[in-house]
Amino acid sequence: MSANHAAGVKRLTINEDSRQMIERAQKEQIETVWDRLTAQEPQCGYCSLGLSCRNCAMGPCRIDPFGDGPTKGVCGADADVIVARNLGRSIAAGASAHSDHGRDILEVFEATAKGEASGYKIVDEAKLRSLAQEFGIAADGKPAAEIAVELADRLFEDFGSRGSKVGFSRRAPVLRKERWESLGIYPRGIDRENVEMLHRTHMGVDNDHVNLLLHALRTSLSDGWGGSMVATELSDVMFGTPKPVFSEVNLGVLRADQVNIALHGHNPLLSEVIVEAAMDPELIKLAQSYGASGINLVGLCCTGNELLMRKGVPMAGNHLSQELAIVTGALEAMIVDYQCIMPAVTDVAKCYHTKVISTSDKAKFTGATHISFDPKRGSEIAREIVKLAVEAFPNRNPDRVRIPVEPVRWMGGFSVEAILGALGGTPAPLVDAIKNGSIRGAVAVVGCNNPKIPQDYGHVELTRQLISHDILVVVTGCAAVANGKAGQMLPESASMAGPGLRAVCEALGIPPVLHMGSCVDNSRVLVLAAALAQFLGVDIDQLPLAGAAPEWYSEKAVAIGTYVVASGITTVLGVQPPIFGSPNVVKLLSDGLDGVVGAKFAVESDPIKASVIIRRHIETKRKELQLPYQEPDLIQVGEMAAAGTKG
Ligand code: BF8
Ligand code: SF4
């Protein structure tokens, strides 16, 4: 029996489906992420504080946080420089992941426009035309393909260093752009900022932690208003702009009587053509010939979010559910592209009949079957992959199939266009509700699972606290899936909200927690915030908004948190970032940044306390905007909601 079992599975997850599968894995001695975390403990204290550096071969070096040992690396870098460099590199890695995904979409978008891709088309021509207009491309009377080629050309320029400003950044409010200009952090080129970050963090380049951190902000902005926004917008053009859609979520979406295929990763390019292939009558017939009643596609992580948003494909789970989906014994294939796919999935798959099929030449997995994805043959490759999955069905051992629970219904599809649509085409009703105080403000709860926190506890508890205090919540990534599993994302979930938010949701028929998409779709959050700011004629930092990443783990999440703050939205992290070895860096991020970008970071692992921090922040912003407000200092853990309301 493992240490985890002794400590109780309840400590690991709040979900019944995960609990049952973790217990099963323990019984069958299949190692999972929680066992590996235990094996790593205690984790390195220097690294946890950000005080280790291996940027050159004079090192590796580490700084003694207590001052008893070395206070400088071999080159002379102190704690401030080492912590800031490490953070800058993390942000560059995260921004690069999102932006490289954006470029992949862009390449296929261009190939589609030129008629060189198979299985793709321009689905949302209206969106294409409006993007063209934003980029000053004359679209009148031109065929869509021609416009798309021109738009692709402009967007490729944004990746390089030909321009001085990333194109989509013009969507930001004027005051925000002026602030970026005056600080010297206006994002110029997507690849450029990332490469410059790597340059600056090479030994002996940027040796000033403030200067490093300013460039870290610029690097993150090149993601949020650059690479991620390219990914979102072009995915909408090629696969459709999301509209409200109902679906189901948790491991209960797997079907004992069908061929189950999980699509895991981030990029919708492959998964969209897989959806088509899974409807191929010949492949369904093949599945039936093996005794299955059909082919069941389910999502995992952000590929799943992309498919849910546009196609209503059911979602098996979030980050910490990926190994557990295999442990059901019901999964024929896990098709992966890239990002957040644990190398461990191939080990778990060996214990079952599950085939792990990798598809990106950038992301190969030892032990997986690799089928190189080529958009020129998109449809053909998709059929080949689905066939492989179907052919794994006869290898399934029915005695080992255990699908733990019934799925939960949830709702997705809240693109900015869909939200504005629900509001009647204008942000006015939302702004009015915020102004009169029935909705206090809005919070984006985003990011991952992290085995250091019971799976989904941070997301679900924080969101519950916020909506019950009349704060509208928008969610993306694994935070969205967590809320879905908890049943908080249906129109009837409005009953969980405070009276003001509840009334608004009921009038509009929307949930109090709106699914805005995958992690690259945090760009939608920026667009929505910018639209609200522009409608009110203010900057984003003046709005009663906040961000939260209660269970973050990834470098991408660090990039997201940073561009959200650099865009003017204060953000609370539930997991401590590795910066506490430098009191100066901590002070800058948790305090000094407020005077610079009008927003800052806070760290609070207890979601109830985090909700208090956020509510105080929102009421402070309301007070500054001269809207009815609750005295921020009176907001305490466990206080009465109505106490101190002024107006
Ligand atoms: O991009 S929330 S664990 S799956 S990094 Fe990964 Fe985090 Fe999930 Fe999506 Ni985002
Ligand atoms: Fe050590 Fe400086 Fe090299 Fe880092 S860059 S490993 S601190 S010598």
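P42 sits in the loop between α3 (33–40) and α4 (45–49), where helices (H or I, at least four residues) and strands (E, at least two) are DSSP runs numbered from the N terminus. Its peptide bond, from E41 to P42, is cis, with omega near 0 degrees. There's another cis bond from G59 to P60, with omega near 5 degrees, and P60 belongs to the loop between β1 (52–53) and β2 (61–62). For context, most peptide bonds are trans.

Before going further, some housekeeping. This is a predicted model, in which local features need pLDDT of at least 70 and side-chain atom pairs count only at pLDDT 80 or more, while totals for chains, interfaces and linings use all residues. Residues are numbered from 1 along each chain as its sequence is written, chains are lettered from A and ligands numbered from 1 in the order in which they are written, and side-chain values use heavy atoms, with hydrogens and water left out.

Now to strand β12 (residues 471–476). Six of its six residues are buried, so β12 is largely enclosed by the rest of the structure; buried means under 20% relative accessible area, exposed over 50%, and partly exposed in between, with a 1.4 Å probe and protein chains only. In a regular strand the side chains alternate between the two faces of the sheet. In β12 both faces are covered, with I471, V473 and V475 on one side and L472, V474 and T476 on the other.

What does β12 pair with? One partner is strand β11 (residues 441–445), parallel to β12 over five bridges; two strands pair if DSSP finds at least two bridges between them. Here G441 is opposite I471. Strand β13 (residues 513–517) also runs parallel to β12, over four bridges, and G517 in β13 is the bridge partner of T476.

In the loop between β11 and α19 you'll find D456, with a phi near 80 degrees, a positive value in a residue other than glycine. D456 is buried, at a relative accessible area of 0%.

C519 lies in the loop between β13 and α22 (522–536), and its SG is the single protein donor to the nickel atom of ligand 1, 2.2 Å away. Donors are N, O and S atoms within 2.8 Å of the metal (3.2 Å for Na, K and Ca), and water is not among the atoms, so sites may look incomplete. Why is the arrangement irregular? The four donor atoms around the nickel atom subtend angles of 90 to 157 degrees, which makes it so. The rule is that four donors count as tetrahedral if all angles lie between 85 and 135 degrees; four count as square planar and six as octahedral if opposite donors are over 155 degrees apart and all others between 65 and 115; anything else is irregular.

Ligand 2 has its own shell, including C53, C56, C61, C75, R85 and M203, where a residue is near a molecule or strand if one of its heavy atoms lies within 4 Å of it. By class, that shell has eight nonpolar, three polar and one charged residues. Here Ala, Val, Leu, Ile, Met, Phe, Trp, Tyr, Cys and Pro count as nonpolar, Asp, Glu, Lys and Arg as charged, and the others, Gly among them, as polar.

Next up is helix α13 (residues 301–311). 10 of its 11 residues are buried, so α13 is largely enclosed by the rest of the structure; among them are N305, E306 and R310. C301 is in this helix and is buried, with a relative accessible area of 1%. Its phi is near 50 degrees, positive although C301 is not a glycine. After α13 comes G312, with a positive phi near 70 degrees.

Finally, strand β3 (residues 245–249) has one covered face, V245, S247 and V249, and an uncovered one, F246 and E248. β3 pairs with strand β10 (residues 408–412) in the antiparallel sense over five bridges, and S247 has W410 as its bridge partner in β10.
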